[in-house]
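Open the model in your viewer and keep the selection panel at hand. The stops below go from one selection to the next.

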Amino acid sequence: MVTNAASFGRSGVHDFILLRASAVILACYTIFLVGFIACSSPLTFEIWHGLFSTLPMKVFTLLALVALLVHAWIGVWQVLTDYVKCTSLRGVLQFTFVVTAFSYLAAGIVIVWGV
Amino acid sequence: MELSEQNVKKQRPVHLDLQTIRFPATAIASILHRISGVIMLFAIGILLWLLNSTLTSAEGFASVQSLFDGFVMKFILWGILTALGYHLLGGIRHLIMDTGRWEELASGIASAKVTFALAAAFSIIAGIWVW
């Protein structure tokens, strides 16, 4: 039974697991990237470009953006269902945020593609 | 309305003294987690734009670097790092709570306060790093 069509997973348990799985990926990516920038001071274009030209970093970046889509979808759903009681407005907002997250993924693919 | 229902409403103690009502630390931890999450959803757009500029060419990289000479960009980056740090620490707290720890009132409040302290410390470190 579909009780809420705007959620990401097919059930609350599904959402629960996906939220945590995507959170772990995002945490790993952020800690790595912030750590990399902090450790390679002064950061030059060659080091930065070199990092993103490797296949593992491209995959890691796209993985993080897919995780962001899932994480943001569920997170926004949780926030909107709590505070926005008007269904049509909530639908429009959910749509806007999900489209934004999809656009981030599309932009990410194009950005790392050419490096 | 039935008489019994009216009596219940009359007898119920009402406490709406907004001066003394305080959110517990756990509630503040929850709302901050939500606010920082929504902030970062917008922040990712800025970060992707910066990533695109820095990876396109050496000139683009240099122009982004000069962008960070200004106060506004430094402040935005510091804000993003602060939201990120809090959301990450709050998320780790949630994952630990999923394992059944820190679920009691006292431990929940204590872990929320520790999260605030660590996030504040990270925010200060991020500020020193950015400036």
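Predicted model: local features only at pLDDT ≥ 70, side-chain atom pairs only at ≥ 80, totals over all residues.

Residues are numbered from 1 along each chain as its sequence is written, with chains lettered from A and ligands numbered from 1 in the order in which they are written.

Select chains A and B together. Here 17 residues of chain B are in contact (C-beta atoms, placed from the backbone, within 7 Å) with 18 residues of chain A. On the chain B side, α2 (25–56), α3 (58–67) and α4 (71–98) each supply at least two residues; helices are DSSP runs of H or I, at least four residues, numbered from the N terminus. The largest share, 11 residues, belongs to α2(B).

Next, select α2(B). This helix has 32 residues and reaches 45 Å from its first C-alpha to its last, close to the 46 Å expected at 1.5 Å a residue (1.5 Å times one less than the number of residues). Centre on B:Phe42, where α2(B) bends by about 30°, the angle between axes fitted to the seven residues ending there and the seven starting there.

Now select residues 71–89 of chain B, one of the spans UniProt lists as "transmembrane region" in an unreviewed entry; such annotations may be inferred rather than shown by experiment. The span is 100% helix, with end C-alpha atoms 27 Å apart. Last, select residues 110–130 of chain B: 100% helix, with end C-alpha atoms 30 Å apart.

Key: Contact = placed C-beta atoms within 7 Å.
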